Amino acid sequence: MDVSAQLEAQKSQYKSINVEKQVPLQLDLGLLAGFDVNALEENKLKAETDNYLKSYTRDGTQLLINEIFRLPLTSVQDVGVVAELPKIITAIPREKPLPKPKPPTRWERFAKLKGIKKNTKSRLIYDEKRGEWVPRWGYKGANDDGANEWLVPVPDNA
Amino acid sequence: MLKTIKPKNARTKRILKKREPKVEENVKTAIFIRGSTTSQVVNDALSDLCRLRRSNSINFTKKNNIHPFDDDTSLDFYCAKNDSSLFVIGSHSKKRPHNLVFGRMFDGQVLDMIEVGIEKAITMNEIKTPKCSMGMKPLFIFNGELFETSQVHKTFKNMMLDFYRGQTMESINVSGLEYVISITATGSITSSDNTVPSTFDGKIFFRVYTIQMTKSGQKVPRVELEDMGPNYEFKFRRTRFAKEEVYKIATKIPKTLKPKKVKNVGVNEIGDKVGRIHVGRQDLGKLQTRKMKGLKRMSEDNDRTEDWSRKKRKA
């Protein structure tokens with residue numbers, strides 16, 4: 001079954017998304033910016049400035065949007081289609097200079113000297129008996145020393 | 001000059017911490033100041049430009065006696081007090097009618113400034129079309145080859161990107177691309193010196209449009225633009241460019257943010273990801289291979305075979 005004719009009819013209903021430019025746009029997608037170096041038509045610009053600028057910008061924006069849709073897209077819940085932006089290419093100056101590394105505190109110097117490393121215990125541990133990750137202490141924890149055991153043998157000295 | 005404040009409670013400590021230099025910076029704050037005399041055009045322009053930059057912009061309502069190209073101190077003070085690094089100063093005089101000065105700060109000092117004159121202006125309120133929701137990231141389109149060749153234009157382009165880019169994001173919701181700022185440069189530089197625009201007859205067209213995405217029969221939508229405003233026609237006046245060394249320090253990328261080089265992994269011509277593993281020297285004599293019992297040389301076996309042969313001979 002040949003559907004190409006129907007596809008053509010369908011396509012011609014809509015306006016084209018292709019734009020022809022002499023020099024392709026330079027893009028900085030991290031900033032969502034497009035730089036167009038093609039020459040503008042001076043007489044059109046002087047005669048009907050607003051309309052010409054609008055159509056010219058529309059072409060540039062169409063190209064930008066085409067490129068954005070070529071980026072890796074993911075569908076996020078409740079939000080919609082999200083495009084992953086690349087890193088910014090244009091060098092934009094910072095507002096403050098880079099932070100200088102702060103001198104180590106008295107404790108930090110001592111710890112480094114003695115080789116003391118910070119050993120933080122994690123909140124959850126793997127309980128072999130229950131076979132799952134439970135809190136180290138607290139509600140439904142691992143160290144309740146048999147308070148909730150259902151079967152406790154009577155000790156000899158009772 | 002501002003005194004360095006020593007924090008007396010946790011709240012002020014947090015505020016100071018927010019203002020100190022970081023590897024990944026906060027969004028820049030902009031201040032919009034009025035000079036000693038302003039015109040209605042300039043006032044409207046300042047408020048519109050402030051609106052475009054909804055958050056992180058402070059609009060000064062009172063007039064201040066400020067001359068950016070002559071005296072830096074009051075400007076440094078305002079920016080330090082408000083922790084801002086972008087500024088726009090509007091003024092109006094007979095010599096420089098409808099004047100705007102766009103500028104940036106680095107490290108508490110003025111980095112660069114560009115003065116523009118407004119030739120034509122149409123405010124957002126005059127254009128009766130629905131405006132986009134504020135706070136969205138805009139798209140930028142810069143038209144004209146002057147933005148690659150002329151230093152004034154390159155600086156202006158950099159400044160506009162800096163002013164209106166919003167928060168740096170890693171990913172963006174496609175439906176949040178609501179408006180586009182389009183800046184077009186016409187004219188040509190008639191003097192050979194790129195930095196002097198005095199004999200330059202060109203204009204800068206500043207336009208802002210809302211984007212409407214319509215069906216196109218394909219995955220990528222067809223873009224249609226609707227005028228949103230404000231619309232300006234600028235002409236460059238005086239400029240002050242950043243000093244080379246200062247600009248270099250300002251654009252330095254810290255090592256942590258530089259892309260890391262991955263060693264020993266590459267892509268070959270077919271497109272497969274190929275990695276190299278460096279194995280140390282191997283002593284082939286001492287390699288451990290699988291044990292095959294049948295191939296073991298045992299002294300008993302040899303004796304047995306000899307017995308057999310002897311037995312055969314005997315019999």
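Modeller: Let me start with a term: a residue is called exposed when its relative accessible area is over 50%, and buried when it is under 20%. Keep in mind that this is a predicted model.

Biologist: Why is A:Trp107 called exposed?

Modeller: The relative accessible area of A:Trp107 is 53%, and the cut-off is over 50%. A:Trp107 is therefore exposed. Its place is in helix H4 of chain A, residues 106-114.

Biologist: What makes A:Trp107 part of a nonpolar patch?

Modeller: Nonpolar side chains, Trp, Phe and Ile among them, are joined within 5 Å if their residues have over 30% relative accessible area and no salt bridge. A:Trp107 forms such a patch on the surface with A:Phe110 and A:Ile116, and together they have about 320 Å² of accessible area.

Biologist: Why is the pair A:Asp50 and B:Arg207 called a salt bridge?

Modeller: The side chains of A:Asp50 and B:Arg207 meet at 3.0 Å, N to O. The limit is 4 Å, so the pair counts as a salt bridge. Across the interface of chain B and chain A, the rule finds three salt bridges.

Biologist: How many residues does each chain bring to the contact, and how much area is buried?

Modeller: Chain B brings 68 residues and chain A brings 53. The two chains bury about 5500 Å² between them, with 63% of it on carbon and sulfur atoms.

Key:
Residues numbered from 1 in each chain as written. Chains lettered and ligands numbered in written order. Predicted model: local features only at pLDDT ≥ 70, side-chain atom pairs only at ≥ 80, totals over all residues. Heavy atoms only, no water. Patch = residues over 30% accessible without salt bridge, like charges linked within 9 Å, V, L, I, M, F, W, Y side chains within 5 Å. Areas by Shrake-Rupley, 256 points an atom, 1.4 Å probe, with all protein chains shown as cover. Helix = DSSP H or I, 4+ residues; strand = E, 2+ residues; numbered from the N terminus. Buried < 20%, exposed > 50% of the residue type's maximum accessible area, 1.4 Å probe, protein only. Contact = heavy atoms within 4.5 Å. Buried area = accessible area lost by both parts, 1.4 Å probe.
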